[in-house]
Amino acid sequence: MKRKAFIMAMVMCMMGSAVGTTGMTVYAEENTAESEESVETEESTESEEGTETEASVETSTEAGDTLAEGQVLLPASEAVFTEGEGVGPDNEKEPTSYDEEVGMIRAAAQGTEIVYTVPEGAEGTYDMYLTVSKVLAVFSSQPFTFTINDGETFSVPVDLQVPADSPASYTEDGEYDEGTLTDSGRFLIKQSLELKAGDTIKVTCAFGCKAPTLKGMVFPYVGDVLLAPAGSEVPTGYDNTVKTVPEADPSDPLAGLNIIWLGSSVTYGAQAGGHYSMVDAIQDNHPGTVCEKYAISATTLVNEKEDSYVGRMKLISKDETPDLFVVQLSTNDATTGKPMGEVTDSTDPADFDDTTIAGAIETIISYVKETFGCPVVFYTGTYAEKENYEEMVDLLLQIQEKWGIGVVDMFHNEDMTAIYGTDLYNEYMHDEVHPFRKGYVEWWTPVIEEYLTEFLGENK
């Protein structure tokens, strides 16, 4: 099912108002009076997944933060979380804990599991939202995976932001990092969930963020889960506003589309202010279009780790109905010397070796066509003197002939290559791989838009 009607705008105001609550579950019309805090700590129990601690803290809801009719709040204070050690707000390792002051779980580590339980009296069809803080560094749009009861685990993009008080605050390409670490916002995770009392929602810290200035993998604080009646309006993002999707312009071939983008740092916009890449620019340029960014820096097509393109693609909910699936031909496979592999004569996924570049590309194409039934387009980087990358581009063009996919080949684009090494190139590019925001907006986006318009016109 499309998340279009609810998805947050990819570029949102970064001055966030805290919407995380420290309140117990309340319903619509209730205006809970202030009460004394009561803290109850249960003994930790050992499990195969590690020591688990349940913090049970009940306080009144914050002034002015009562719930709308039919909404249910699952407070972070009542969640059960895996005890471990992560990076805290002071960029030091510390135990994962519930922070009473901000009402969220802090210092989560990779693999931390946070389990919320649906309370008595809550039964119905809900849209699920998660409250998270800003984070010390952002090179991932997929920090979490989610599991409802014993169902299929899935991931969705969360548009995290870095605050100005982070040691990894990024200002090289504009002053986009503002606010403080504990600014929080709600983000849509899943629509139309049938839930009842006793059901569980597990949030797993899966794909965090790294930076040279940080002492380990970092995740945002994790706050409450909000269940809202399916289809109702809920303010989201760090600016806490209701996001709407503009009406599509029928004269614009790229308007009104749902486009999934799968990639690494270039798709993410890792060296662009506000991590604003062509993904965001295309969404902003075409009314009604929603671009979902599944991107983690330093990841590879080749399926050797859980965060590979192949692994993360399979975490995209099968309920999604994209009109187009766009994949980055990452330089990471080339620079780390991954094996090229060979293009097969088969279309059977069992015949693809996804631990090679060719096999991973064929696996992605086959899976998307079978699962989502939409066209697939790969895009390359612009010309760079990167070992093995030209061989990867040539391999992709062979695969294009077999599968009939689209390829935005910026590597062999003579007009783009002519800029290589010039002053303008230096304005556009942070290095030979990563554009600045200006490079995305003025240089890459128009070329990609032109290609997608032509390709979709030919593949209606």
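So, the kink in H9: the helix bends by about 45 degrees at Trp444, shortly before the proline Pro446. That bend is the angle between axes fitted to the seven residues ending there and the seven starting there. Bear in mind this is a predicted model, where local features need pLDDT of at least 70 and side-chain atom pairs pLDDT 80 or more, while totals for chains, interfaces and linings use all residues. Numbering runs from 1 along each chain as its sequence is written, and side-chain values use heavy atoms, without hydrogens or water.

H9 covers residues 437-458; helices here are DSSP runs of H or I, at least four residues, and strands are E runs of at least two, numbered from the N terminus.

Is Arg437 buried or exposed? Buried, because its relative accessibility is 17%, and buried means under 20% (exposed is over 50%, partly exposed in between, 1.4 Å probe, protein chains only). Other buried residues of H9 include Trp443, Trp444 and Leu452. Arg437 is 264 residues from Asp173 in sequence, yet their C-alpha atoms are 7.1 Å apart.

Over to the cores, meaning sets of buried Ala, Val, Leu, Ile, Met, Phe, Trp, Tyr and Cys joined through side-chain atoms within 4.5 Å. The largest has 53 residues, and Leu130 is among those touching the most other members. Strands S11 (124-133) and S13 (184-195) are among the elements giving it two or more residues. Apart from it lies another core, of 37 residues, including Leu329 and Phe352.
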